[in-house]
Amino acid sequence: MEKKVYSTSGKELRTITLDDKVFGLPINDDVIYYAITNELANRRVGTACTKTRAEVHGTNNKPYKQKGTGNARRGDVKSPIMVGGGITFGPKPRDFSYSIPKKAKRLAMKSILSAHAQGDRLTVVEDFTVESGKTKDLVAILNNFAKGERTVLILKDDDAKIKRAGRNIPNLSFLAYNRLEAHDLFYGRKVIILESAVKNLSEFYAEDKEAK
């Protein structure tokens, strides 16, 4: 698959060949769903906690005597059916995280990249950085390719200056080529990938590497 490479000003520079094993695969909706669900589950904190009747503070005495009042017999005030009593089957701290096969996760990333490439939502831009670290300089570049859309910028490495410049830009996510996230990548309406990151992705997700 051929894609045009653009300068930071939005001008066409040359063409680049995308690896069909990464950017030209059939879209596997099922594995994409599993990868996104896995990431969302792993992000859950799981700290919700309620008190049972054994943990609620209160007296163990009966509120009134067993017989003679005409009321239903009553235990202590910590009963779950009393206001301020314990909670029955309430949430307790737990770990929601789980793992999926590595091959499934890699296939999900390649499927999402293929979907963006085939749907013309992926733009290849020449390598650049933001030396000043200022937001306005990065905005000036991004406005040539996406305006107000949910945008994902795939970097060739962990560029601290670009991340510093973009941390105040809404709807912008940064992903390194070797640490892609299915959720952010899938829901990005515009995916901007640096030219060197294309080569890095092809090497990182190569089939021969998976076979080792």
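Biologist: What is the relative accessibility of K161?
Modeller: The model is predicted, so local features need pLDDT of at least 70 and side-chain atom pairs count only at pLDDT 80 or more, whereas totals for chains, interfaces and linings use all residues. Residues are numbered from 1 along each chain as its sequence is written, and side-chain values use heavy atoms, with hydrogens and water left out. K161 counts as partly exposed, the class between buried (under 20% relative accessible area) and exposed (over 50%), for a 1.4 Å probe and protein chains only. The relative accessibility of K161 is 39%.

Biologist: Which residue meets K161 in a salt bridge?
Modeller: A salt bridge requires a side-chain nitrogen of Lys or Arg within 4 Å of a carboxyl oxygen of Asp or Glu. The N to O distance in this pair is 2.7 Å. K161 sits in helix α5 and its partner in the loop between β3 and α4, 30 residues apart; helices (H or I, at least four residues) and strands (E, at least two) are DSSP runs numbered from the N terminus. The partner, exposed at 57% relative accessible area, is E131.

Biologist: How many residues apart in sequence are the parts tied together by K156 and D127?
Modeller: The side chains of K156 and D127 form a salt bridge at 3.7 Å, N to O. K156 belongs to the loop between β4 (151–155) and α5 (160–166), and D127 to the loop between β3 (122–125) and α4 (135–142), so the parts tied together are separated by 29 residues.

Biologist: How far apart are the end C-alpha atoms of helix α3?
Modeller: The expected span is 1.5 Å times one less than the number of residues. For the 17 residues of α3 (residues 102–118) this gives 24 Å. The model agrees with that expectation, because the end C-alpha atoms are separated by 24 Å.

Biologist: Which side chain of opposite charge is nearest to K190?
Modeller: K190, in strand β6 (residues 190–194), is buried yet has no salt bridge. Leaving aside residues up to four places away in sequence, K190 touches several residues, including D120, F145 and E149, where contact means heavy atoms within 4.5 Å. With Lys and Arg counted as positive, Asp and Glu as negative, and His and the chain ends not counted, the nearest opposite charge, 5.7 Å away, is E149.
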